[in-house]
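User: I would like to learn how to read a structure of this kind feature by feature, with the general idea placed ahead of the particular case. Could we begin with how the exposure of a residue is judged?

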Amino acid sequence: MEISCFDDLLQAARAQAEPQRLLFVFAGVELPDDATPAQRARFERGEGGALVPQMCVDKAPDELASFDALAQEAAQFGQEWALVFTAALSGTLNRAPTSEDAEAPLSRMVDAIKRGAHSGLIPFDRSGHAVRIG
């Protein structure tokens with residue numbers, strides 16, 4: 001299944017044979033201190049910059065009604081974010097993963113985003129549409 005929007009992700013997670021836990025890392029965009037003048041100009045036009053993880057959360061698919069619900073929950077923390085990176089953690093033997101099970105994978109996601117390694121993650125913009133980076 002191709003995932004082009006957040007609703008596709010929810011549908012796919014709910015359709016899996018084993019229960020899933022969705023992992024989310026919200027990232028902002030910042031201009032590095034050592035940016036060149038050209039990079040600064042691009043950033044001023046809303047392009048480029050470095051992705052910086054700001055907050056993360058895990059949820060069972062049934063805990064989310066929609067992307068708007070996730071965005072509203074994120075807004076309560078007062079962090080300005082540009083993208084939310086997502087991944088899924090599969091359960092085993094009909095046992096759903098717990099938040100404790102999600103801690104290490106979330107930490108690895110944060111580290112990967114800091115390194116610019118986004119493969120295997122699905123980024124969504126603030127409207128809930130999947131985006132391609134690069």
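Analyst: A residue is called buried when its relative accessible area is under 20%, exposed when that area is over 50%, and partly exposed in between. By that rule Glu-73, at 27% relative accessibility, counts as partly exposed, whereas Lys-59, at 13%, counts as buried. Please keep in mind throughout that this is a predicted model.

User: How many salt bridges does a search of the whole structure find, and what do the side chains of Glu-73 and Lys-59 form?

Analyst: The search of the whole structure finds eight salt bridges. Glu-73 and Lys-59 form one of them, their side chains meeting at 3.0 Å, N to O. This pair links distant parts of the chain, since Glu-73 belongs to helix α3 (residues 67-75) and Lys-59 to strand β2 (residues 50-59), 14 residues apart.

User: Which residue forms a salt bridge with Glu-80, and where do the two residues of that pair lie?

Analyst: The partner of Glu-80 is Arg-126, and the closest N and O atoms of this salt bridge are 3.9 Å apart. Because Glu-80 lies in the loop between α3 and β3 (83-90) and Arg-126 in the segment after β4, the pair ties together parts that are 46 residues apart in sequence. As for accessibility, Glu-80 counts as exposed at 59%, while Arg-126 counts as partly exposed at 44%.

User: Which residue forms a salt bridge with Arg-95, and which residues are linked in a network of salt bridges?

Analyst: Arg-95 is paired with Asp-101, with 3.1 Å between the closest N and O atoms. Arg-95 is partly exposed, having a relative accessible area of 44%, and Asp-101, at 32%, also counts as partly exposed. The network, for its part, links Arg-21, Asp-58 and Glu-63 through salt bridges.

User: Turning to another residue, is His-118 buried or exposed, and which residues does His-118 touch?

Analyst: His-118 has a relative accessibility of 19%, and because the cut-off for buried is under 20%, His-118 counts as buried. In the chain, His-118 sits in the loop between α4 (99-115) and β4 (122-124). Leaving aside residues up to four places away in sequence, His-118 touches Leu-51, Phe-85, Ile-113 and Ile-133.

User: How far apart are Ala-69 and Gly-116 in sequence and in space?

Analyst: The two residues are separated by 47 residues in sequence and by 27 Å in space, taken from C-alpha to C-alpha. Of this pair, Ala-69 is placed in helix α3 and, at 31% relative accessibility, counts as partly exposed.

Definitions and conventions:
Residues numbered from 1 in each chain as written. Predicted model: local features only at pLDDT ≥ 70, side-chain atom pairs only at ≥ 80, totals over all residues. Heavy atoms only, no water. Helix = DSSP H or I, 4+ residues; strand = E, 2+ residues; numbered from the N terminus. Buried < 20%, exposed > 50% of the residue type's maximum accessible area, 1.4 Å probe, protein only. Contact = heavy atoms within 4.5 Å. Salt bridge = Lys/Arg side-chain N within 4 Å of Asp/Glu carboxyl O.
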